[in-house]
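User: Hello! I am new to protein structures and would like to learn how to read one. Could you take me through an example step by step?

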Number of protein chains: 2
Amino acid sequence: MAYTDTPLAEIEKLIESAAQCFHLYKNSSLLQRQALLNEIAAELRKKADDLVATAMRETNLPEVRLRNELGRTLFQLESYGQACAEGRWLDATIETRANAAGAPVNLRKTLLPLGPVVVFGASNFPFAYSTAGGDTASALAAGCPVIVKAHPAHPETSTLFADAIQRAIELQGLPAGLFGHVYGISFSIGEYLVKHPAIRAVGFTGSLRGGKQLFDWAQQRQHPIPVFAEMGSVNPVFLLPEQLEAQGTALADQLAASFTLGAGQFCTKPGLLIAIESEPLTVFEKRLTDQVQKMIPVRLLHQGIADAFISHREEALRSSFVSTLALSDQEAAKMEGQPTVATVSAANWLQDRSLHQEIFGPYTLLIKCRDQQEMLTVAAALEGQLTTTIMGNDKELSTYRPLIDLVKEKCGRLILNGVPTGVEVCKAMQHGGPFPATTDARFGAVGEDALKRFARPICYQNWPNEWLPAELQDDNPLGLLRTVNGKLTL
Amino acid sequence: MAYTDTPLAEIEKLIESAAQCFHLYKNSSLLQRQALLNEIAAELRKKADDLVATAMRETNLPEVRLRNELGRTLFQLESYGQACAEGRWLDATIETRANAAGAPVNLRKTLLPLGPVVVFGASNFPFAYSTAGGDTASALAAGCPVIVKAHPAHPETSTLFADAIQRAIELQGLPAGLFGHVYGISFSIGEYLVKHPAIRAVGFTGSLRGGKQLFDWAQQRQHPIPVFAEMGSVNPVFLLPEQLEAQGTALADQLAASFTLGAGQFCTKPGLLIAIESEPLTVFEKRLTDQVQKMIPVRLLHQGIADAFISHREEALRSSFVSTLALSDQEAAKMEGQPTVATVSAANWLQDRSLHQEIFGPYTLLIKCRDQQEMLTVAAALEGQLTTTIMGNDKELSTYRPLIDLVKEKCGRLILNGVPTGVEVCKAMQHGGPFPATTDARFGAVGEDALKRFARPICYQNWPNEWLPAELQDDNPLGLLRTVNGKLTL
């Protein structure tokens, strides 16, 4: 089957339908939303084999990875549904104490969903960050209808997910307009969706160029809307000298595995390794080289990513500043990415901004610094990141305190002695970071707090109990933890 | 003394100094920040008479209003300081349970301040939303240095506040660069501040034109930053028929007082009254007219506001759609605003978008609808608002459920049988709303949740206790309520 751009007239109908649905769905109970997410998960479970087989064909990802990703996707749906029902994310707050002038007060604050949300599926997470992925799950949990633009690299997978979502909506007796699914290869489909006045927020996972374009369109609207674009990140890893000396072999093994995990197609791939020139660094390089040489090139997600990997990697390796440190012995066949480590001196890296960019695929760049001061200069030149990692022992952390303190300002997750790949789905996770890692560092895309992206506070003043949403009613029918007259209470 | 534009070289130094300070101040303890806000309040208390006298001269506001506003300003500083120290706003979250694969997890999330914040003082709140107002208090509490651009209408008042803040910083042994104060009449000063790469967020209270310009500059930066601009709002009041019949006199009295409170220079002034044509409406109009006729014109805040009020009011009254309903018998002298009520049919209001705009000053517009359906059409045509008010009895609320349900989507605070003026400072308040009421409906400018505007989540992975901020340490030294392994706990 060929998937061509959905005609604009059809998209218009889907958006109108979503906008109509919103008037109803915004008042849905938290339990109703949880039931919907659980129903979607149940539908997906039934289709697991079909989903995995289809995605294997469309994305080149291996079965074990896709089975894991499906598990994660189901967990997201179910755990966000549970968080939604538990209602803590609403931060329900009630004030009924008289004010300083003795006047009666009756103010009650909760969150109201924003309205129809457009979600752009990600190519590198055909399940967990696509059609029924984290953005869709959190928008539906927050009370928003969703229009998904299928990623052109896996339209058939996307269609299976969309069908499952539609079936779940039907089983739950909810209106079909709650979820729309469109195909689009042309830029103009994305533009139409983001600029449509009925659309109230955007979720995106992908390239800096793509995300920034959506952001610009959204901010140039007559009524600007929030865009949660999770974009590029090089996820720098600082290798402090004593740790490098004591653990060089283990670090080389960990990092070789991490930068090539999923063919280097994770947004948290360590794309920059930063160390100080020394004998232990030479040992580390040797081990890293040995590991990379043994690796087998893997097929990349799709032609666009394969082409971009090849051209960006070649461009970097052509730079007179950059030397190739390690390549897999086996050359890459068509569509494959050849595992590659390059090196550059800190002085040269600082001079050439093109070397600061993410290269999506199995590539990482080792920056060699003369000394601690130069390492700090490198840190200062970094842009916003999803993650930053420090590899160091207890003693040297103190020596490098200014470095650690500086990189905090530049990342959403600060890791000690671990690799950045592997993103736990839980409330304590922050998957986000300062621009250009994302367009809105104040929110995250993984874990139940992701719901908060799609809602805004509203205060009810003087309304009788029966007119209030359940979470604000006097008798607390949902049994939520709420702030009542300044105190957290049940 | 003449207040001229601060030279750019001097502004540059202040910003550099703020950026330097941030590296230290971001690590300040919550108690240190509370102590600073309390110290600022103490300095202001000492100067109360001078502050009030100076502001009376500069703003034409009466003493009693300014004394109240000073009280509110001190309350903001002290209550935001207390909220900061209590730490609930950080939503500290710790996860240490093994993951599904059995691997150890150690993730801890808190908020990190954004960096130097620029605050634009408001002309209509020379104390509570200017130099040491809500934006400054919440940014300092959140851990951000602040640069205030004094409002050109009250530079001397602003200077007194700035001196008090500087003195408090000195008394607390904090670096002077934590707070900068600049003067600027030219547009270019604002542009310089908002576009400066070291500035990380903007707070503003003022006109739609001004706020939108700051927003656009901020979004066009290489690294876009959040702008919290609280802008125009007409704060519609829907007068339902039975309530109008039963309470017409009281409603007329309340609304006459509300739209002229502070010479109509509040952002929550009811600028649109919406009712269905009927005999009780005629009675209401008569009473409103009587009340307005008796009013005394009051001096407006400054020449710019007086000029704008006169020209916008004249423009509205010149429209062939609009009739003048009531004017104060006493005409306005120079710089004064003459209390004015105009009327328009719903059909005509719907046709002429210029009548949807806020007119800042003692002016309100009564929209007369033919029936309930037309009232709903008016509601549907409204833009985003800080507040929307329903005046209705218990019985008719049900009849008007679709109206109530619709206006929820358009406002930050929904009021039943009360006037929108009067904004309680507490956590349950939401002072914000969909664009164009503000540029970011997901946050509010009043109450302790205002702190959240100036911070973003950061996750620490695998860090030993002594490297964690106090709110994330194992033994919970601050005694905060935190989410630990999914449960809220002390």
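Analyst: Here is a short tour of this model, from a whole chain down to single residues and then to the contact between chains. This is a predicted model, in which local features need pLDDT of at least 70, side-chain atom pairs count only at pLDDT 80 or more, and totals for chains, interfaces and linings use all residues. Residues are numbered from 1 along each chain as its sequence is written, while chains are lettered from A and ligands numbered from 1 in the order in which they are written.

User: How many helices and strands does chain A have?

Analyst: Helices (H or I, at least four residues) and strands (E, at least two) are DSSP runs, numbered from the N terminus. Chain A has 15 helices and 19 strands. Its radius of gyration is 24 Å, close to the 23 Å that the globule rule gives for 490 residues, so chain A is as compact as a globular protein of that length. That radius is taken over C-alpha atoms, and the rule is 2.2 Å times the number of residues to the power 0.38. Along the principal axes, the C-alpha atoms of chain A fill a box of roughly 75 × 65 × 40 Å.

User: What share of the residues in chain A is buried?

Analyst: A residue is buried if 20 or more other C-beta atoms lie within 10 Å of its own, exposed if 12 or fewer, and partly exposed in between, with C-beta atoms placed from the backbone. In chain A, 58% of the 490 residues are buried. Contacts tell you about the fold too: two residues are in contact if their C-beta atoms, placed from the backbone, lie within 7 Å. Among contacts in chain A between residues at least 6 apart in sequence, 76% join residues at least 24 apart.

User: Which residues of helix α15 of chain A are buried?

Analyst: Start with the general idea. An α-helix has 3.6 residues a turn, so residues three or four places apart point the same way. In α15(A), residues 401-408, the buried ones are A:Leu403, A:Ile404 and A:Val407. They fall within an arc of 95° seen down the axis, so they line one face of the helix. The arc is that of the directions from the helix axis to the C-beta atoms. Among the elements that these buried residues pack against are β8 (236-239), β15 (385-391) and β16 (411-416) of chain A.

User: How do those strands pair?

Analyst: Two strands pair if DSSP finds at least two bridges between them. β8(A) and β15(A) are parallel and share 3 bridges, with A:Phe238 opposite A:Ile390. β15(A) also runs parallel to β16(A), over 5 bridges, and here A:Gln385 stands opposite A:Cys411. As for cover, 7 of the 7 residues of β15(A) are buried.

User: Which strands pair with β2 of chain A?

Analyst: Look at β1(A), residues 93-95, which is antiparallel to β2(A) with 3 bridges; A:Ile94 has A:Arg108 as its bridge partner there. β2(A) is also joined to β17(A) by 7 bridges, again antiparallel, and A:Leu112 faces A:Arg456 in that pair.

User: Is B:Leu51 buried or exposed?

Analyst: Count its neighbours! B:Leu51 has 24 C-beta neighbours inside 10 Å, so it counts as buried. B:Leu51 sits in helix α3 (residues 48-59) of chain B. Leaving aside neighbours within four places in sequence, its contacts are B:Leu44, B:Leu70, B:Thr157 and B:Leu160.

User: How many residues does each chain give to the contact between A and B?

Analyst: Chain B gives 50 residues and chain A gives 50 residues. On the side of chain B that touches chain A, the largest share, 6 residues, comes from β17(B). The residues of that side divide into 24 nonpolar, 15 polar and 11 charged. Here Ala, Val, Leu, Ile, Met, Phe, Trp, Tyr, Cys and Pro count as nonpolar, Asp, Glu, Lys and Arg as charged, and the others, Gly among them, as polar. Strands pair between the chains as well: β17(A), residues 455-461, runs parallel to β16(B) over 3 bridges.
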